[in-house]
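Subject: Structure handover

Hello,

Here is the structure I said I would pass on. My notes on it follow below.

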Amino acid sequence: MNEYDKLYIDGEWVTPLAGEPFEVVNPATEDLCARISLGSAEDVGCAVRAARRAFPIFSTSSKAFRIALLERIVKAIASRTPELAAAVTQELGTPVNAMIHIDGAIATFKQAIKTLSEYEFESRVDGNIVRREPIGVCGLITAWNWPVQLLCTKLSAALAAGCTVVAKPSEFTSITAIKLTEALHAAGIPRGVFNLVLGDGATVGSAITKHPDIELVSFTGSTKAGILVAQAAAPTVKRVCQELGGKSANIVLRDADLREAMRWNVARGFANSGQSCHAPSRILVHEAQLGEALRHIRAAVAEVRVGDPLDPATTMGPLVNRAQFDRVSAYIERGLSEGARLVCGGLGRPEGLRRGYFIKPTVFADVQPHMIIAQEEIFGPVLSVMTYETEEEAVSIANATPYGLGGFVFTRDREKGLSIGRQIRAGRVFLNGSPSNMAAPMGGYKQSGNGREMGVFGLEEYLEVKAMIGFDDAA
Ligand code: NAD
């Protein structure tokens with residue numbers, strides 16, 4: 001069994017000043033697979049001091065310097081792809097064939113290089129100079145479900161902006177973060193520019209959030225924790241960028257390729273075992289097409305292979321931990337007790353699996369908009385099929401949750417798709433299952449958050465705006 005007893009502060013691996021041991025459990029086997037030392041508020045203090053010392057030089061470094069650093073990081077991550085992927089499989093249970101976690105992380109740095117190369121940090125407004133300057137030391141707090149990509153999305157933008165960082169990944173995916181940090185170190189990231197403090201939310205997360213010398217916290221996680229972060233950050237008036245939960249709807253119009261829409265929804269909905277913030281967890285089909293839609297859904301679900309993530313034939317692994325298994329099981333029970341109709345899946349592990357936090361790919365029909373399973377984020381492989389009579393009703397159901405992260409439309413009529421897309425109150429809307437695009441902003445409406453990541457919008461989260469009045473010769 002591996003032991004990881006160090007944090008990364010000021011360019012070195014150091015023993016935590018105080019903290020707790022944490023046991024990493026492999027979710028596919030429920031076996032203990034590693035011991036980690038978590039940090040404390042004192043360790044956050046050391047990391048912030050290191051990041052502050054590094055800030056004056058890094059924040060004034062040239063674009064070319066930072067682009068070269070980002071390019072070295074791309075190479076360092078790419079050369080460690082097998083190791084990083086193995087860590088994700090071990091901690092999260094992702095099937096070995098799912099390299100998407102590492103490819104996605106590399107893509108964030110490539111996008112940051114492109115954005116930074118094209119970005120002008122100074123502009124003119126009515127004869128005034130407007131400068132965008134790095135905001136300062138940034139606290140990056142991330143969830144476990146895309147452990148490499150979530151951290152890299154934030155980090156690539158923060159580095160491109162010229163900020164220094166104290167990162168706290170989820171305690172459930174600490175090994176992945178350690179492997180990523182090894183890549184950053186090998187890439188020659190300057191001392192103090194990136195610091196890793198492993199820990200839980202209540203101790204390390206909270207210390208980062210409250211710290212007076214951190215100017216920005218970028219948080220990805222649940223809406224519940226995001227609210228606590230914003231409250232704790234308020235007394236120091238730091239910028240808080242929240243990337244929170246979702247309950248995204250897929251509106252399938254009558255003219256859509258129904259088979260394709262259902263196959264896509266099942267694949268996307270069960271990707272990462274449904275532990276995906278943008279999961280299309282509510283499928284809205286026209287009431288006249290329900291029977292046909294369910295036939296396509298059953299056929300697609302029959303192809304999902306749940307099991308050992310180390311088996312290349314597996315397409316869906318376990319949930320991340322016991323708490324998540326219990327939570328998702330409770331939602332399935334709730335769906336049954338609320339009167340939703342079970343189309344496939346249900347309570348208990350899939351046949352043949354006696355250990356591990358495996359859940360059957362589950363689909364409910366006859367789900368009503370007011371039901372808990374239609375309102376709350378389940379964050380597991382559970383989809384709800386709902387029907388609509390008119391397109392207006394479909395839009396109204398799609399918008400009737402506290403969340404507003406993603407939205408999906410399937411139709412052969414692009415104009416109609418555009419019109420429906422414009423009416424969806426969400427930060428990202430996709431037509432006919434289009435893939436994600438890292439240049440496009442990502443973030444939430446309503447209780448899905450207030451931040452924007454990726455591309456220019458993501459870079460600008462890490463920049464302050466300064467007006468310089470009377471300095472422009474040409475004015
Ligand atoms: P979580 O809120 O439990 O934890 C997220 C992170 O916050 C972890 O690092 C955790 O240790 C830390 N944390 C928890 N409480 C804290 C506190 N009081 N102060 C500071 N830090 C604290 O979420 P999770 O279970 O790790 O992740 C699942 C959630 O993340 C889902 O709701 C999902 O939708 C969301 N998510 C959102 C996006 C997005 O881009 N909007 C992306 C991925 C995941």
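Helices and strands here are DSSP runs, numbered from the N terminus, where a helix has at least four residues and a strand at least two. The model is a predicted one.

Loops with positive phi

By that numbering, serine 273 sits in the loop between helix H9 (258-270) and strand S14 (282-286). Its phi is near 55 degrees, a positive value in a residue other than glycine. Is serine 273 buried or exposed? Serine 273 counts as buried because its relative accessibility is 5%, and buried means under 20%.

Asparagine 432 also has a positive phi, of about 50 degrees, and is not a glycine. Asparagine 432 belongs to the loop between strand S20 (428-431) and strand S21 (445-446). With 38% relative accessibility, asparagine 432 counts as partly exposed.

Cores

The largest nonpolar core has 87 residues. Ile36, Ile77, Phe109, Leu159, Phe194 and Tyr462 have the most contacts inside this core. Which helix gives the most to it? That is helix H5 (residues 147-161), with nine residues. A second, separate core has 29 residues, among them Tyr331, Val367, Ala374 and Ile424.

For phenylalanine 109, leaving aside neighbours within four places in sequence, the contacts are Leu70, Ile73, Val74, Ile77, Cys152, Leu155, Ser156 and Leu159. As a general point, nonpolar side chains in soluble globular proteins tend to be buried together.

Strands S15, S16 and S17

Strand S16 (residues 362-365) is paired with two other strands. Strand S15 (residues 341-344) and S16 run antiparallel and are joined by three bridges; in this pairing leucine 342 stands opposite phenylalanine 364. S16 and strand S17 (residues 382-388) run parallel, again with three bridges, and here valine 363 stands opposite leucine 383.

In a regular strand the side chains alternate between the two faces of the sheet. In S16, Thr362 and Phe364 point one way, Val363 and Ala365 point the other way, and all are buried.

Surface patch

Leucine 342 also belongs to a nonpolar patch on the surface, together with Leu336 and Leu347. The accessible area of the three together is about 220 Å². Leucine 336 is placed in helix H11 (residues 322-338). Its relative accessible area is 37%, so leucine 336 is partly exposed.

Two further loop residues

Glutamate 389 is in the loop between S17 and helix H13 (391-399). Why does glutamate 389 count as exposed? Its relative accessible area is 53%, and exposed means over 50%. Not counting residues up to four places away in sequence, glutamate 389 touches His286 and Glu287. Glutamate 389 and alanine 288 are 101 residues apart along the chain, with 8.3 Å between their C-alpha atoms.

Arginine 305 is in the loop between helix H10 (290-302) and H11. Arginine 305 has 46% relative accessibility and therefore counts as partly exposed. Leaving aside neighbours within four places in sequence, arginine 305 is in contact with Ala313, Thr314, Thr315 and Met316. From arginine 305 to phenylalanine 55 the separation is 250 residues in sequence and 48 Å in space, C-alpha to C-alpha.

Regards

Terms used
Residues are numbered from 1 along each chain as its sequence is written. This is a predicted model: local features need pLDDT of at least 70, side-chain atom pairs count only at pLDDT 80 or more; totals for chains, interfaces and linings use all residues. Side-chain values use heavy atoms; hydrogens and water are left out. A nonpolar core is a set of buried Ala, Val, Leu, Ile, Met, Phe, Trp, Tyr and Cys residues joined through side-chain atoms within 4.5 Å. Buried means under 20% relative accessible area, exposed over 50%, partly exposed in between (1.4 Å probe, protein chains only). Contact means heavy atoms within 4.5 Å. Patches are made of residues with over 30% relative accessible area and no salt bridge: like charges are joined within 9 Å, nonpolar side chains (Val, Leu, Ile, Met, Phe, Trp, Tyr) within 5 Å. Accessible areas come from the Shrake-Rupley method with a 1.4 Å probe; for residues, only the protein chains shown count as cover. A salt bridge is a side-chain nitrogen of Lys or Arg within 4 Å of a carboxyl oxygen of Asp or Glu. Two strands pair if DSSP finds at least two bridges between them.
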